[in-house]
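I am keeping these notes to show what I looked up in the structure, and in what order. I began with strands, then turned to the ligand, and ended with the backbone.

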Amino acid sequence: MAEQISPEELQLAARNHAMPLEALRYEITPPGLHYLLIHYDIPAVDPGAWSLEIGGRVRAPLSLSLDDLRARPIASAPVTLECAGNGRARLSPRPVSQPWIVEAVGTAAWTGTPLRPLLEEAGLEDDVADVVFAGLDRGIEGGVDQRYERSLSVAEAMRDDVLLAYEMNGQPLPPQHGFPLRLIVPGWYGMTQVKWLHRVTVLDRPFEGYQMARAYRVWNAEDEPGDPLTRIAPRALMVPPGIPEFMSRRRVVPAGRQVVEGRAWSGWGPIVRVEVSVDGGATWADASVGPAPGPSAWHPWSFRWDADEPGDHELCVRATDSAGNTQPLGQAWNIKGYANNEVHRVPVTVQA
Ligand SMILES: Nc1nc2c(c(=O)[nH]1)N[C@H]1C(S)=C(S)[C@@H](COP(=O)(O)O)O[C@H]1N2
Ligand SMILES: [Mo]
């Protein structure tokens, strides 16, 4: 990171923590280790007074309590979430926002009720286009006073795997992860997973709220419309081997055989290949890839490294998904630093 980070970036980084890379060891991330991204303040919600309102272009608007939602059909899935800005702090020049390095990721077991039957019960009108999901949190961003709101097309919202989740890893959602209810759209970047969900509104036109039209688009130039972010680009991360040096976090390992391991995921399909380089990306060899715990969760991978040569090395890892997407060696920059998925590089010193 060439330029120093500002107090504002530090403030964001202290509120919104990443997942420590050693937590890649857990298939299901313990809740306190899952990354966090909160634009404004965490709302304190009284679950007795709270309700979910489903309205707009529907025949019969619904108002549901938490008990009403818990009484409905239950669905559960392990889902890997990743922030669209993950990796941003490695870019140069660095886009100024939450300064993620690479670990804005986590996999939780989300439990709740599927959205589709609720939309069917409310009865969509014939002219519907977008479904808007509004959180209870409010703030000012880009000069606009707003509640956090994101939309999906009706076709995406009606997918069978879209969940209204009230539990994370078998416990009620913690306040920071959206208590009492959040949206889970498997495969999509984090911005879509609306927390503190309070209102679902069906529109007969595209939704043009701030978080759709002005944020979360890939812009290569200020004056272009930009492409909306949707699904997660593939990424593999490794558990940094050995032990860290306190300040630099540089890794130190004894000479000899090491098993290097980590996880890999993509929102575009299962991971079909993970490759590791032990020479800074000059040559690559296949790692072994294990099964994911669910269709939208990360895969484990491992690789045997014969670390026989004392001195400095750079380990790299990259993933390829079933759609043929992979990770670049160098970074394609964009204004907000979204969806960047350059290979993970870990400098390691092998001791004599
Ligand atoms: N209501 C609301 N939902 C939200 C956000 C938010 O600030 N407010 N942040 C989004 C972003 S950008 C991400 S990456 C994910 C993070 O989810 P997590 O904190 O549970 O990991 O939540 C999303 N949902
Ligand atoms: Mo995010």
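Predicted model: local features only at pLDDT ≥ 70, side-chain atom pairs only at ≥ 80, totals over all residues.

I looked up strand 13 and found that it pairs with strand 16 (residues 256–265) in the antiparallel sense over four bridges. Strands here are DSSP runs of E with at least two residues, numbered from the N terminus, and two strands pair if DSSP finds at least two bridges between them. As one example of a bridge, I noted that Leu 237 has Arg 263 in strand 16 as its partner.

Residues are numbered from 1 along each chain as its sequence is written, chains are lettered from A and ligands numbered from 1 in the order in which they are written, and side-chain values use heavy atoms, with hydrogens and water left out.

Next I asked which residues are closest to ligand 1. They are Tyr 35, Asp 137, His 177, Arg 182 and Lys 195, among the 18 residues that surround the ligand, where being near requires a heavy atom within 4 Å. I then checked polar contacts, which are pairs of N or O atoms within 3.5 Å. A nitrogen atom of ligand 1 lies 2.6 Å from a side-chain N or O atom of Asp 137, and an oxygen atom of the ligand is 2.8 Å from a backbone N or O atom of Tyr 35. A polar backbone atom of His 39 is likewise 2.8 Å from an oxygen atom of ligand 1. Taken alone, ligand 1 exposes 530 Å², and the protein buries 100% of that, with areas from the Shrake-Rupley method and a 1.4 Å probe.

Last, I looked at the backbone, remembering that most peptide bonds are trans and most residues other than glycine have a negative phi. A cis peptide bond joins Ser 92 and Pro 93, with omega about -5°, and Pro 93 lies in the loop between strand 3 (75–82) and strand 4 (105–114). Another cis bond joins Phe 179 and Pro 180, with omega about 5°. Asn 169 has a positive phi near 50°.

Note on methods
Polar contact = N/O pair within 3.5 Å; in protein donor to acceptor, adjacent residues only side chain to side chain.
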